[in-house]
Amino acid sequence: MLKLNNKNYRTKADDKGNWKIILPPVKAGGPYTMEFTGKNKIILNNILFGDVWFCSGQSNMVHQMNVHDVRYEKEIATANYPMIRQFWVPNNANMMAPQDNLPSGNWQAAIGNNVRPFSAVAYFFAKKIYEEYNVPIGIINASVGGTPIEAWISETGLKDFKSLSATLQRNKDTAYINSLSNRRNGNFQRRQQSDRGLTGEKKWFDTDYVPVGWRTINIPGYWEDQGLKDLNGTVWYRKEINIPASMTGKPARLFMGRIVDADEVYINGKSVGSTSYQYPQRRYAVLPDLLKPGSNILVIKVSNTSGKGGFVPDKPYCIFAGGDTVDLKGTWQYKVGEVFRPFLGGGGGGGIAAQNQPGALFNAMVSPEVNFTIKGFCWYQGESNAGNAAEYTQLLPALINDWRNKWNSATVLPFLFVQLPGFMDYNYLPSESSWAQLREAQLKTLSVPATAMAVAIDLGEWNDIHPDRKKEVGERLALGALKIAYGKNIVHSGPLYQSATISEGKITIQFSETGTGLITNDNEAPGDFAIAGKDKKFVWAKTKIEGDKIIVWSSDVPDPLYARYAWADNPVQPNLYNKEGLPASPFRTDQ
């Protein structure tokens, strides 16, 4: 028996102990108490009724407020939203079958430091909706970094994708999986304890170690660009820094930008932190008693197995405490600790990443929630599928339909998603782009009913796949929710390509979602427009705004046929917006 609001609801469990009760609508708010009585009694307190959103994707949906606590320091300090709660689904994968239950988990309220584990995107999404309607907002966050979309789709949802379905079936063969796990892993062989920085009488991070044979190198920068040719291994960096007395005796923060790939950091012989892979920002806490006035020794061991190793440019490199900061950019000393030898054996490869396999994350992290009533979905993913945009054009609608079918709601559940932001090097010539193609696949998905897309082309960072500006992403998703899920009459999107006409050597491009008019955010002419004739050799175009249209032309292309906007991994000047401040989606007319 279940008791809620002084009413009793009865049901009977099946022979496996499973049972279900559908509750009538309950007034939004709380807290409520729910009492379960069978052979024993369980009482649940502090229950809220409101709107629950299922938030999923890869690392940019994972990224917690804690990771962005410099930009959002004030938001964390002032968070006091007991009616906004997050349920963090534990990372898990299952290649065999859908699961009914989660191994663990609990709801946390967005109050003070408890907001630090919240997905930053999901938190700002929930906060904007809560402030609009004052209704409790729950976030179920099921996200795993670096994962492809096919891992989040069920077996039935993948039935039309022959290759993925075949892989899913093959992965159910435990003998096959075990055979992969027995293969050698990695491209480089390593000997145990062969790093000279750790095997000598004195460790290279010890305070009484005397450096011999160290060379100079600059931070930031990659060692392959500074005289270390094709080195895969460990490189130790060392610098003597002068700390003023005003920075001692208090907590400090060490910012070492981003490092490719793994690092271990020591100050005055003591470990202050480590990171095992390249993507997180290196932001380490330094205990109050570790720094001393005057000379301090900072040592960093960096490990890398492929590509360029070292310190990513255009990131913060400093140590600070109170109001004082010491800049750490410039000349350091370095010494190679270990060289990883190329792997020469046969077989290659090794093991299998279950979280990347078709259906595996749906089985373990989505399936247990399908009986939970939700308001809709938020999705931030695509980076791991950027190499195959054509398939993604089919996979994203397949995921939407799959999840809607699994939840089996009486209404079409809204599906909100983020279009990928700019990333990687700027290209000052028109070019092809796999990330632009992926954005196009996302744009096409707006043809699926009850969907909305948050354009984020202006929120990226050239040197970071995890850009810092998560608040704008969450709030743009919330605009989509306000329009699609809550029926508010607002402009929820930036301009979207609608059609193009050609006349007298010019292309006129028409947009939807122009709001109260088209503008540029820098008062310049619209940038990043390129045009081409039948040869499809694109050149930059001249542009002007006329009402809800853009006119593009070039004297180099007297007979234009095609136009593109912001068609690059990381466009230089995507400055087209509507007057509501929302950016236009990248697009092309040549398809």
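Modeller: Start with K406, which is partly exposed at a relative accessible area of 28%. The model is predicted, so local features need pLDDT of at least 70 and side-chain atom pairs pLDDT 80 or more, while totals for chains, interfaces and linings use all residues. Residues are numbered from 1 along each chain as its sequence is written, and side-chain values use heavy atoms, with hydrogens and water left out.

Biologist: Why is K406 called partly exposed?

Modeller: Buried means under 20% relative accessible area, exposed means over 50%, and partly exposed is in between, with a 1.4 Å probe and protein chains only. K406 has 28%, so the label is partly exposed.

Biologist: Is D402 buried or exposed?

Modeller: D402 has 4% relative accessibility and therefore counts as buried.

Biologist: What makes the contact of D402 and K406 a salt bridge?

Modeller: A salt bridge is a side-chain nitrogen of Lys or Arg within 4 Å of a carboxyl oxygen of Asp or Glu. The N to O distance for D402 and K406 is 3.1 Å, so the pair qualifies. Side chains of opposite charge can pair when their charged atoms come close.

Biologist: Where do D402 and K406 lie?

Modeller: Both are in helix α8 (residues 389–407), and because they are four residues apart, about one helical turn separates them. Helices (H or I, at least four residues) and strands (E, at least two) are DSSP runs, numbered from the N terminus.

Biologist: How do you know that R253 and D69 form a salt bridge?

Modeller: Their closest N and O atoms are 3.6 Å apart, and the limit is 4 Å, so the label applies. This pair links distant parts of the chain: R253 is in strand β13 (residues 252–256), and D69 is in the loop between α1 (59–62) and α2 (73–78), 184 residues away. D69 is buried at 10%, whereas R253 is partly exposed at 24%.

Biologist: What about E35 and K41?

Modeller: Their side chains also meet in a salt bridge, at 3.6 Å from N to O. K41 has 53% relative accessibility, so K41 counts as exposed. The structure holds 24 salt bridges.

Biologist: What makes β1 and β3 a pair of strands?

Modeller: Two strands pair if DSSP finds at least two bridges between them. Strand β1 (residues 2–4) and strand β3 (residues 29–37) have three bridges, in the antiparallel sense, so they pair. L2 has F36 in β3 as its bridge partner.
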